[in-house]
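The following exercises are intended for work with a coordinate file and a viewer at hand.

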Amino acid sequence: MSKPVVLIAEELSPATIDALGPDFDVRSVDGTDRPALLSAIAEANAILVRSATKVDAEALAAAPRLQVVARAGVGLDNVDVKAATAAGVMVVNAPTSNIISAAELTVGHILSLARHIPAAHSSLAGGAWKRSSYTGVELYEKTVGIIGLGRIGALITARLQAFGVTVIAYDPYVTSARAQQLGVQPVSLDELLEQSDFITIHMPKTPETTGMIGSEQLARMKTTAFIVNVARGGLIDETALEDALRNRTIAGAGLDVFVTEPPLESPLLALPNVIVTPHLGASTDEAQEKAGVSVARSVRLALAGELVPDAVNVAGGVIDPYVRPGIPLMEKLGQIFAALASVSPLTSVDVEVRGELVDYDVSALKLAALKGLFTNIVSETVSYVNAPLLAEQRGIDVRLITDSVSEEYRNVLTVRGALADGSQVSVSGTLTGTKQIEKVVEINGYDVEVPIAAHHIVMLYTDRPGIVAVYGREFGDAGINIAGMQIARHEAGGEALSVLTVDSPVPAEILESVRAAIEADVMTEIDITE
């Protein structure tokens, strides 16, 4: 019997090949040579890439035997995950391979900004001796603000505390207990901006976080403060940052990531108070080796039909076919839950499975719920292996609860959680009909039946005549098309929960306008990431 073909499309470490072992026919191709790639991938059962090889719909269509695409790294910009999912091809990456490298690079940027190291080197290498021109500042007794206290943020905290700094952090999803455990003082974003001497941002890039540091936020910073971004391009508004640096609103910035890469025409590159690096967060020998070995192990698991913890689109072959359709539903419920629970840090989460599914192993549904919950919360890629760790790091207790009784539907999946402010949040879903349509059937105790779409708005307000017309007009005037709507209530004249399906994301200012117009108690936008 012939061995499965594993195609190596870019240079990987020898340890990667060793981790694959002798059970595969390992072949190589230059992934940037498109005709060669399309020819070689036709016989491949798996392909390993880094960042240069594009595995898009065309490549997937040319690969009838392909079972897994493995990206030896974190980002997946060069892999069409949606097309791979449609083709039944698993996509895996190495979500934790670069976290130490990224944390160390962040510290490097902070030190370089504090002591003008790149400019001083350039000056001296050019033949000048200008000691007085490069007088810097010590980190000792300074305040460092970390925006996003995930795994990378925690690693940076541990490293910076050795310098005798005070670390403060903004992360709406981290409890005070977890922050204190790390030796970090939790603060609001405004407080962090105003108090910090150095700021580093480690958030995921979502519609809500894109441009989260703009003109208003930069204006709150000290004129002597520095800001660093090695996470995602676009978290800082680059136009606003350029203005702040030119006007000396802030002292300087360290950037490893940009909206457009390479940023060869960016005016930021010409500013004397900016330190830039060409997206080096994962560019260490150790990170590359960890990434290669990690995905090689995932390929072995995938081709053996076993559970693949680092799969980003499907969980693997050992999951019963009856359970498997619930995985994408549970991931979406986790995302909806996270949006609804954003008002306060989580303290506990219950993942509930009710109905016929409990006769099977449903442990993967717990992982799927956590993966969905953290997808738009943390900066690193979330997988089935690191999602429980992310919960543990944030002090969130997680339970899986099963019950064979489901009164209204054959199966119901629920994510329920307690928040630090004492409130509770829940969302339930099911699959209906022969097409297994994903639907939300409950939100915070209100019964609904809404097909899950890319964009929803959830509103809670006092039920009264004419209210639908008010928010319908507000959204219409703003050019937001309402594709569907359902209203639930417990009694006439009481609280009503409305779930809207809209065709596009809704800007924050429009949501606030609608909230004020109807005096809503809750106004939540939910954007589902596939």
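The exercises below concern a predicted model, and each task is followed by a worked solution.

**Exercise 1. Domains**

Task: State into which domains the chain is divided, and how far apart the centres of domain 1 and domain 4 are.

Solution. 
- Step 1. The assignment gives domain 1 as 5-95 + 286-304, domain 2 as 98-276, domain 3 as 315-451 and domain 4 as 453-529.
- Step 2. Taken over C-alpha atoms, the centres of domain 1 and domain 4 are separated by 43 Å.

**Exercise 2. Two helices**

Solution. 
- Step 1. Residues count as buried under 20% relative accessible area. Among the buried residues are Ile99, Leu105, Val107, His109 and Leu113.
- Step 2. After H5 comes His116, which has a positive phi near 55°.

**Exercise 3. Salt bridges**

Task: Give the number of salt bridges, and describe the pairs Glu43 with Arg27, Asp171 with Arg394 and Arg515 with Glu512.

Solution. 
- Step 1. The criterion is a side-chain nitrogen of Lys or Arg within 4 Å of a carboxyl oxygen of Asp or Glu. By this rule, 19 salt bridges are counted.
- Step 2. In the pair of Glu43 and Arg27, the closest N and O atoms are 2.5 Å apart. Glu43 lies in the loop between helix H2 and strand E3, and Arg27 in strand E2, 16 residues apart. Glu43 is partly exposed at 36%, and Arg27 is partly exposed at 31%. Both belong to a network of salt bridges that links Asp25, Arg27 and Glu43.
- Step 3. For Asp171 and Arg394 the N to O distance is 4.0 Å. This pair joins the loop between strand E7 and helix H8 to the loop between helix H15 and strand E14, across 223 residues. Asp171 is buried at 11% relative accessibility, and Arg394 is buried at 1%.
- Step 4. Arg515 and Glu512 meet at 2.9 Å, N to O. Being 3 residues apart in helix H17, they are separated by about one helical turn. Arg515 is partly exposed at 30%, as is Glu512 at 41%.

**Exercise 4. An aromatic pair**

Task: Classify the geometry of the pair formed by Tyr322 and Tyr360, and state which parts of the chain the pair ties together.

Solution. 
- Step 1. The structure holds 3 aromatic pairs. In the one formed by Tyr322 and Tyr360, the centres are 5.1 Å apart and the planes make an angle of 45°, so the pair is tilted.
- Step 2. Tyr322 lies in the loop between helix H12 and H13, and Tyr360 in the loop between strand E13 and helix H14, so the pair ties together parts that are 38 residues apart in sequence.
- Step 3. Tyr322 is partly exposed at 30%, and Tyr360 is partly exposed at 34%.

**Exercise 5. Backbone exceptions**

Task: Describe the phi values of Arg248 and Glu519 and the peptide bond from Glu261 to Pro262, and locate each site.

Solution. 
- Step 1. Most residues other than glycine have a negative phi, and most peptide bonds are trans.
- Step 2. Arg248 has a positive phi of about 60°. This residue lies in the loop between helix H11 and E11 and is partly exposed at 48%.
- Step 3. Glu519 has a positive phi near 55°. Glu519 lies in the loop between helix H17 and strand E22 and counts as exposed at 59% relative accessibility.
- Step 4. The peptide bond from Glu261 to Pro262 is cis, with omega near 0°. Pro262 is found in the loop between strand E11 and strand E12.

Notes. Residues numbered from 1 in each chain as written. Predicted model: local features only at pLDDT ≥ 70, side-chain atom pairs only at ≥ 80, totals over all residues. Heavy atoms only, no water. Domains from an automatic or database assignment. Phe/Tyr/Trp six-rings, centres within 6.5 Å; stacked < 30°, edge-to-face > 60°. Helix = DSSP H or I, 4+ residues; strand = E, 2+ residues; numbered from the N terminus. Buried < 20%, exposed > 50% of the residue type's maximum accessible area, 1.4 Å probe, protein only.
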